[in-house]
Amino acid sequence: MSAYLISNIEVTDPALYEEYRKLVPATLEKYGGKFLVRGGPLEVLEGDWRPTRLVVLQFESIEQLKKWYSSDEYTPAKEIRWKASLGQIVIVEGV
């Protein structure tokens with residue numbers, strides 16, 4: 001069953017965040033992850049949620065997603081993201 005990582009990211013250091021953006025795609029390959037949404041314009045249709053930078057990743061399973069998130073490949077990029085942004089991240093199983 002597919003799994004999705006959904007994040008709302010507020011970039012606080014654009015130059016450092018650009019380093020993160022360059023590193024992430026290569027880390028996804030091994031774990032079968034892919035971008036479905038990677039920033040871009042958004043429009044709120046209901047409610048008062050105001051995401052700043054929305055990212056959606058797809059994996060074949062929650063297990064693969066979690067392996068990627070805690071992997072040696074992604075950890076250096078994740079540490080850069082923590083320095084360059086603030087965010088909220090959730091994971092959810094698809095149907």
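Ser 61 is placed in the loop between β3 and α2, where helices (H or I, at least four residues) and strands (E, at least two) are DSSP runs, numbered from the N terminus. Ser 61 counts as buried because its relative accessibility is 14%; buried means under 20% relative accessible area, exposed over 50%, and partly exposed in between (1.4 Å probe, protein chains only). Leaving aside residues up to four places away in sequence, Ser 61 touches Met 1 and Ala 3, a contact being heavy atoms within 4.5 Å.

The model is predicted: local features need pLDDT of at least 70, side-chain atom pairs count only at pLDDT 80 or more, and totals for chains, interfaces and linings use all residues. Residues are numbered from 1 along each chain as its sequence is written, and side-chain values use heavy atoms, with hydrogens and water left out.

**Sheet and helices**

- An open sheet is formed by four strands in the order β2-β3-β1-β4, with antiparallel pairing; two strands pair if DSSP finds at least two bridges between them.
- The edge strands are β2 and β4 (85-93), each of which pairs on one side only.
- From one strand to the next, the twist averages 20°.
- In general, strands of a sheet pair through backbone hydrogen bonds, either parallel or antiparallel.
- Strand β1 (residues 3-11) and strand β3 (residues 54-59) run antiparallel and are joined by six bridges.
- Asn 8 has Leu 54 as its bridge partner in β3.
- Helix α1 lies across β1, β2, β3 and β4 and runs at about 145° to β2; axes are lines fitted to C-alpha atoms, for helices over the stretch in contact, and angles run from 0 to 180 degrees between N-to-C directions.
- Helix α2 lies across β1, β3 and β4, running at about 35° to β1.

**Salt bridges**

- Two salt bridges are present in the structure, each defined as a side-chain nitrogen of Lys or Arg within 4 Å of a carboxyl oxygen of Asp or Glu.
- One of them joins the side chains of Arg 21 and Glu 18, at 3.4 Å from N to O.
- Both Arg 21 and Glu 18 belong to helix α1 (residues 14-29), where they are three residues apart, about one turn of the helix.
- Arg 21 is partly exposed at 27% relative accessibility, and Glu 18 is partly exposed at 32%.
- Lys 30 forms a salt bridge with Glu 73, with 2.9 Å between the closest N and O atoms.
- Lys 30 lies in the loop between α1 and β2 (34-38) and Glu 73 in the loop between α2 (62-69) and α3 (75-84), so this pair ties together parts that are 43 residues apart in sequence.
- Lys 30 is exposed at 59% relative accessibility, whereas Glu 73 is partly exposed, with a relative accessible area of 32%.

**Aromatic rings**

- The count comes to six aromatic pairs; rings of Phe, Tyr and Trp (its six-membered ring) pair if their centres lie within 6.5 Å, and planes under 30 degrees apart count as stacked, over 60 as edge-to-face and the rest as tilted.
- Tyr 69 and Tyr 74 form a tilted pair, 6.0 Å centre to centre with 45° between the planes.
- Tyr 69 is partly exposed, with a relative accessible area of 29%, while Tyr 74 is buried, at 2%.
- Tyr 17, Tyr 20, Phe 59, Trp 68, Tyr 69 and Tyr 74 are linked by ring pairs into a cluster.

**Charges over rings**

- Lys 78 lies over the face of Tyr 69, at 3.9 Å from the ring centre; a charge sits over a ring if NZ of Lys or CZ of Arg is within 6 Å of the ring centre and within 35 degrees of the ring normal.
- Arg 38 lies over the face of Phe 35, at 4.3 Å from the ring centre.
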